[in-house]
Amino acid sequence: MIETPLTPTLPSQLATPLHIGKVVVQSRVLQSPLSGVTDLVFRRLVRRYAPHSMMYTEMVNATELHHLQELPKIMEVDPQEKPISIQLFDCRPDFLAEAAEKAVAEGADTIDINMGCPVNKITKKGGGSSLLRQPEVATAIVREVVNAVDVPVTVKTRIGWDDGEITILDFARRMQDAGAQMITVHGRTRAQGYNGNARWEWIQRVKAVVGIPVIANGDIFSVEAAVKCLQETGADGVMCSRGTLGYPFLVGEIDYFLQTGKKLPPPTSQELLECAKEHLEALWVYKGKRGIQQARKHMTWYTKGFNGAAELRMQLSLIETVEQGLDLLNRGIEMLNREQNGA
Ligand SMILES: Cc1cc2nc3c(=O)[nH]c(=O)nc-3n(C[C@H](O)[C@H](O)[C@H](O)COP(=O)(O)O)c2cc1C
């Protein structure tokens, strides 16, 4: 993606709190929900650098939740982590309302409804981005969830189903009228998946037609991209997604810039690998063997941009135990230190 130089012309309100209904958030940079990624362990890392940012759980299936006796691990929230939103998906207003009640009991500061997921398994059942094609159902969902809980209800969606059906302006208005207190817009259609550029111009148009906060999402991979997006869209905040994979520093870096106008120095490769070690160990403690399986992809995301990274990445993708992973990462750090010292 093409980056432009930083300019000092950011609107001053970007350093002021974000109001999501009655919830006041001291940061306008949000960590997106990422299925398979934004568990409690990952959120803890992001929050170290972005203590005031809104974070989201992975999306939770409301129908599944209805049939479960216990809360699934993906819904678990640390009592200390605030502000936190629990994201739900489904097409049944009654199950979503019930799930929202459970989410609030778990500590959610807001309830987010996923209306953007492009995955077939979910859209075929009427959830995620298929709700863009069923605005009456989407409206009923928001109404029923708003009635069920006393925390703000928000919606995360895309600009439309495909290029022939970019319906976001009407859809955003409907969500607002139904009681949504914030809308996050990923500037791609469902048909785009994650391809092509996010079309931020649509986010600017959404901002012009609703009064609730609009959060811009899509292709925020750097401080520069966040600044450009905020300038172009006039959005009330930005949400980071793939840019945080193997890089839990991004939300904090952008937030720091919005607050101070200054850029933090990026972490060194050694610091990234130290972070990977911490992530791996925490996943092991929190999830055991399953944590190691999940850690493999995280480890490969951390290992980029230095000599020997490809080899390390390949080995990390095969780890079976926490010790193997830590050993590989320690060797990577030693290699980088030797290289730095000219050995
Ligand atoms: C691995 C992965 C998991 C995702 N899981 C979710 C999810 O659970 N809920 C959701 O609303 N969006 C989910 N998304 C979409 C992102 O939150 C975001 O909208 C999208 O990646 C666009 O932003 P980006 O271009 O900055 O990555 C996921 C995306 C990825 C890549």
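This is a predicted model: local features need pLDDT of at least 70, side-chain atom pairs count only at pLDDT 80 or more; totals for chains, interfaces and linings use all residues.

The ligand is surrounded by 17 residues, and the closest are Ser35, Gln87, Lys156, Asn217 and Arg242. Residues are numbered from 1 along each chain as its sequence is written, and side-chain values use heavy atoms, with hydrogens and water left out.

The shell around the ligand is made up of five nonpolar, eight polar and four charged residues. In this division Ala, Val, Leu, Ile, Met, Phe, Trp, Tyr, Cys and Pro count as nonpolar, Asp, Glu, Lys and Arg as charged, and the others, Gly among them, as polar.

Which atoms of Arg188, Asn217 and Asp219 lie by oxygen atoms of the ligand? For Asn217, a polar side-chain atom lies 2.5 Å from a ligand oxygen. Arg188 also places a polar side-chain atom by an oxygen of the ligand, at 3.2 Å. With Asp219 the backbone is involved: one of its N or O atoms lies 2.8 Å from a ligand oxygen. Taken alone, the ligand exposes 610 Å², and the protein buries 88% of that. These areas come from the Shrake-Rupley method with a 1.4 Å probe; for residues, only the protein chains shown count as cover.

The largest pocket is the space taken by the ligand. A pocket is an open set of points, on a 1 Å grid over the protein atoms alone, where a 1.4 Å probe fits, with protein on both sides within 12 Å along at least five of seven lines. A molecule sits in a pocket if more than half of its atoms lie within 2 Å of its grid points.

Asp219 also stands out for its backbone. It is in the loop between strand E10 (214-217) and helix H8, and its phi is near 65°, a positive value in a residue other than glycine. Helices (H or I, at least four residues) and strands (E, at least two) are DSSP runs, numbered from the N terminus. Is Asp219 buried or exposed? Asp219 counts as buried because its relative accessibility is 10%, where buried means under 20% relative accessible area, exposed over 50%, and partly exposed in between (1.4 Å probe, protein chains only).

Helix H8 spans residues 223-233 and contains Val223. With a relative accessible area of 4%, Val223 is buried. From Val223 to Gly234, 11 residues apart in sequence, the C-alpha atoms are 16 Å apart.

Another backbone feature is found at Pro83. The peptide bond from Lys82 to Pro83 is cis, with omega near -5°. Pro83 is placed in the loop between helix H2 (62-67) and strand E6 (84-89).

Ile111 belongs to strand E7 (residues 110-115) and is buried, because its relative accessible area is 0%. Leu336 is in helix H13 (residues 322-340), and at 8% relative accessibility Leu336 counts as buried. Between Leu336 and Pro248, 88 residues apart along the chain, the C-alpha separation is 21 Å.

Conventions. A residue is near a molecule or strand if one of its heavy atoms lies within 4 Å of it. A polar contact is a pair of N or O atoms within 3.5 Å; within protein, one must be able to donate a hydrogen and the other to accept it, and residues adjacent in sequence count only if both atoms are side-chain atoms. On a 1 Å grid over the protein atoms alone, a cavity is a set of points where a 1.4 Å probe fits but cannot get out, and a pocket is an open set with protein on both sides within 12 Å along at least five of seven lines; lining residues have an atom within 4 Å of a point.
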